[in-house]
Amino acid sequence: MTTSNSRKKVVVFGGGTGLSTLLRGLKKYPVDLTAVVTVADDGGSSGRLLDQYDIPPPGDVRKVMAALSDVEPLIEQLFQYRFTTQDDLHGHSLGNLMLAAMTDITGDFASAVKKTGQVLNIKGKVLPAANQRIKLHAELDDGTIVTGESKIPMYARKIRQVYLSPQDAKPLPETLKAIRQADLIIIGPGSLYTSILPSLLVQDIRDAVLKSEASKVYVGNLTTQKGETYRYTASEHVAALYDHVGKPFLDAVLLNKTDIMPLLTEAGQTVTSWPVERDLEELQKLVPEIWQEDIALAENDRVLHDAEKVADWFVNYITDESKTKQT
């Protein structure tokens, strides 16, 4: 734990758009940021590079690095650029190719992430949940076993549990150190089963989180996700986290308090997305503190967490000892 005179240490778990959005807000504040990113992605450019170069999939790592970068906008745009040509480059992002090349140069994916982060001048640390290939499996409610992060949502059935192989995958020592020293651990937002849980299912990471004295806060998703959490309530998201980690571990949950249907209408998502129900009575049985804030916005035909508002709330949360819960 840090002292009151030093920068607060914040560790964030997740992947995809949710984690990237949150980090874009947090990087503007004087906090010591560490993002622990899932490496269970097996679709698109990541999946092809995984097969061709035998490296952990770089897609989620790339998105997070771009979010934390402090370079000219054109450089970030170049890093995120995806080829649309009709040849072997089709569908690949330049950032994924750079991470694959840097892994070949350094001989190690974690070293490649670190070196590329220096090129992008990222604000904080980006650490893959494991320094090796990991497969994500899901057991559906009818007993079907699905292998592959990209395939799980395609079945559109209720998920009973997800698990990793190999089950003894090891995180980086640096990741465990960051968790031990954290003042705040943020879980989410993001796809519950395919972005958030894969990192927490790495045994040593799970144990470190449970032992950590840091405040642990889950950022509730704005909408449910077809194929993963269709019509899940807020408490069902938390219950799934507890079921997989093995015990209750959250100190607080941050939810959006406003009706997002107008935003979904604005973004044209009323058919594909459903707001997460805030079932506060059930949630109070699971989490000591429930916070509700106006933290949603519509942007580029999507409904997202407002990075500025969420980051501001978290900075106040870890610096204001007088806060009391809102339910």
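Author: Trp291, Trp313, Phe314 and Tyr317 form one aromatic cluster. Rings of Phe, Tyr and Trp (for Trp, its six-membered ring) are paired if their centres lie within 6.5 Å; planes under 30 degrees apart count as stacked, over 60 as edge-to-face and the rest as tilted. The model is a predicted one, in which local features need pLDDT of at least 70, side-chain atom pairs count only at pLDDT 80 or more, and totals for chains, interfaces and linings use all residues. Residues are numbered from 1 along each chain as its sequence is written, and side-chain values use heavy atoms, with hydrogens and water left out.

A search of the whole structure finds 7 aromatic pairs. In one of them, the ring centres of tryptophan 313 and phenylalanine 314 are 5.0 Å apart and the planes stand at 80 degrees, so this pair is edge-to-face. The rings of tryptophan 313 and tyrosine 317 are arranged with centres 4.9 Å apart and planes at 20 degrees, and the pair is therefore stacked. Tryptophan 313 and tyrosine 317 both belong to helix α13 (residues 307-319), where they are 4 residues apart, about one turn of the helix. Helices (H or I, at least four residues) and strands (E, at least two) are DSSP runs, numbered from the N terminus. An α-helix has 3.6 residues a turn, so residues three or four places apart point the same way.

Buried means under 20% relative accessible area, exposed over 50%, and partly exposed in between (1.4 Å probe, protein chains only). Tryptophan 313 and tyrosine 317 are both buried; for tryptophan 313 the relative accessibility is 6%. Phenylalanine 314 is also buried, with a relative accessible area of 1%.

Another aromatic ring is that of tryptophan 274, over whose face arginine 231 lies, at 3.6 Å from the ring centre. A charge sits over a ring if NZ of Lys or CZ of Arg is within 6 Å of the ring centre and within 35 degrees of the ring normal.

The surroundings include a sheet. It is open and consists of 7 strands in the order β3-β2-β1-β7-β8-β10-β12, with parallel pairing. Two strands pair if DSSP finds at least two bridges between them. At the edges are β3 (125-128) and β12 (289-293), each of which pairs on one side only. From one strand to the next, the twist averages 20 degrees. Strand β2 (residues 32-37) is joined to β3 by 4 bridges, and the two run parallel. In this pairing, alanine 35 stands opposite valine 126 of β3. Helix α8 (residues 192-200) packs on the sheet and touches β1 (9-14), β2, β7 (184-187) and β8 (215-219), its direction making about 125 degrees with that of β1. Contact means heavy atoms within 4.5 Å; axes are lines fitted to C-alpha atoms, for helices over the stretch in contact, and angles run from 0 to 180 degrees between N-to-C directions.

Helix α1 (residues 16-26) is largely enclosed by the rest of the structure, because 9 of its 11 residues are buried. Among them are Gly16, Leu19 and Leu26.

Charged side chains also connect parts of the structure. The whole structure holds 10 salt bridges, a salt bridge being a side-chain nitrogen of Lys or Arg within 4 Å of a carboxyl oxygen of Asp or Glu. One of them joins lysine 9 to aspartate 32, with the closest N and O atoms 3.1 Å apart. Lysine 9 lies in strand β1 and aspartate 32 in strand β2, so this pair ties together parts that are 23 residues apart in sequence. Lysine 9 is partly exposed at 23% relative accessibility, and aspartate 32 is partly exposed at 27%.

Glutamate 174 and lysine 125 form a further salt bridge, at 3.4 Å from N to O. Because glutamate 174 lies in helix α7 (residues 173-181) and lysine 125 in strand β3, the pair ties together parts that are 49 residues apart in sequence. Glutamate 174 counts as partly exposed at 33%, as does lysine 125 at 40%. The side chains of glutamate 282 and lysine 285 also meet in a salt bridge, at 3.0 Å from N to O. Glutamate 282 is partly exposed, at 37%, whereas lysine 285 is exposed, at 58%.
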